[in-house]
Amino acid sequence: MATTNDLTVSGGQQDEANSQNRRNQVMVGELPTDFLRTGPPLTQEQEDERIARILQAQQQAGVNVFTTANVVGRLSISVVQAKLNKNYGLTKMDPYCRIRIGHTVFETPTAYNGAKAPRWNKTVTTYLPVGVDSMYMEIFDERSFTMDDRIAWAHIKIPEAVMSGETSDNWYLLSGRLGDDKEGTVNIVLSLTAPVETNVYSYSTAVPTLYYPPPPVAGTMPMYQPPYPAQQQQQQPQGPLYTEEDLKMVKDMFPNMEDEVIKSVMEANRGNKDATINSLLSMNSD
């Protein structure tokens, strides 16, 4: 017959064995590279586009995030035309340009049937951050049923004359499948002006209107009136400017747009769906 001491020793050995098994199941060593990662990492182009959309949505919402301390000035970029050495594909190409400078990304309209001599005449302006002295340009052939084909690219250094306030109108060599600097040339006009903004953040807010109650009329009982009802009304929480159904409808129209960007644009347009859709379309076209 097993005694109490024997049962106690057996139970202790069992607990020790269970504890050892749990220790053996613990992972020891370096963590895997995908630990706590929610998805594949973004490419540099995707990250630039994401930041550019956020900045543009903030600007449309009335928020200014630039200061004269962290920007050199406003850079004007005019993509005039290109002369390409080869037409890729069976039909005439439909080229368009994509320019990345800092975290800002721009695209020109598509020059349909532009082939080897596309003309865009597209001018964009952006803040030039301190320390950025070059931009990266790519030319794509727009396709209808397949992915757009990248046919040429160039790393363009901003001339010193532009940094001094002069206007530069130059042709730059393009690289591509034919080799470095052998795909053709592109005509770009650059100019730089001094920045205007001086505040880190600026919001467009209405000045509260003070309310003064009228003097009491003789023979009537005085009634209490708040001294500043307009100001108190502004402090009351406001309801949502849009419904979840409105937000879902806009998301369905722009599935590739980030939710935060859509919300920022809708808030900037005070829940107006038509104005929000037009703003998002302009962001995609730009």
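Started with the helix pair: I find H5 passing H6 in a right-handed crossing. This is a predicted model, so I keep that in mind for everything below. H5 covers residues 244-253 and H6 covers residues 259-268. I get an angle of about 120 degrees for the packing, with the axes 11 Å apart. Roughly perpendicular stops at 115 degrees and roughly antiparallel starts over 145, and H5 and H6 are therefore oblique to each other.

Next I looked up who makes the contact. On the H5 side I list Asp-246, Leu-247, Val-250 and Lys-251. H6 brings Asp-259, Ile-262, Lys-263 and Met-266. Sorted by type, the residues of this contact come out as 4 nonpolar, 4 charged and no polar.

Then the cores. Which residues have the most contacts inside the largest nonpolar core? I get Ile-77, Met-137, Ile-139 and Ile-188, in a core of 30 residues. The elements giving it two or more residues are strands S1, S2, S4, S5, S6, S7 and S8. S1 (71-84) supplies the largest share, 5 residues.

Zoomed in on Ile-188. Skipping neighbours within four places in sequence, I see it in contact with Ile-77, Met-135, Met-137, Ile-156 and Tyr-172, among others. The list also includes Ser-78, Ser-168, Asp-169 and Asn-170.

Went on to Ala-82, which I find in strand S1. Is Ala-82 buried or exposed? It is buried, with a relative accessible area of 1%. Leaving out residues up to four places away in sequence, I have Ala-82 touching Lys-116, Ala-117, Pro-118, Trp-120, Ile-139, Thr-185 and Val-186. I also checked Ala-82 against Ile-188: they are 106 residues apart in sequence, yet 9.0 Å apart in space, C-alpha to C-alpha.

Last, the whole chain. I count 7 helices and 8 strands. Of the 286 residues, 30% are buried. For contacts between residues at least 6 apart in sequence, I get 61% joining residues at least 24 apart.

Conventions: Residues are numbered from 1 along each chain as its sequence is written. This is a predicted model: local features need pLDDT of at least 70, side-chain atom pairs count only at pLDDT 80 or more; totals for chains, interfaces and linings use all residues. Side-chain values use heavy atoms; hydrogens and water are left out. Axes are lines fitted to C-alpha atoms, for helices over the stretch in contact, and angles run from 0 to 180 degrees between N-to-C directions. Helices (H or I, at least four residues) and strands (E, at least two) are DSSP runs, numbered from the N terminus. Angles under 35 degrees count as roughly parallel, over 145 as roughly antiparallel, 65 to 115 as roughly perpendicular and the rest as oblique. A crossing is left-handed if the near helix is turned anticlockwise from the far one by less than a right angle, and right-handed if clockwise. Contact means heavy atoms within 4.5 Å. Ala, Val, Leu, Ile, Met, Phe, Trp, Tyr, Cys and Pro count as nonpolar, Asp, Glu, Lys and Arg as charged, and the others, Gly among them, as polar. A nonpolar core is a set of buried Ala, Val, Leu, Ile, Met, Phe, Trp, Tyr and Cys residues joined through side-chain atoms within 4.5 Å. Buried means under 20% relative accessible area, exposed over 50%, partly exposed in between (1.4 Å probe, protein chains only).
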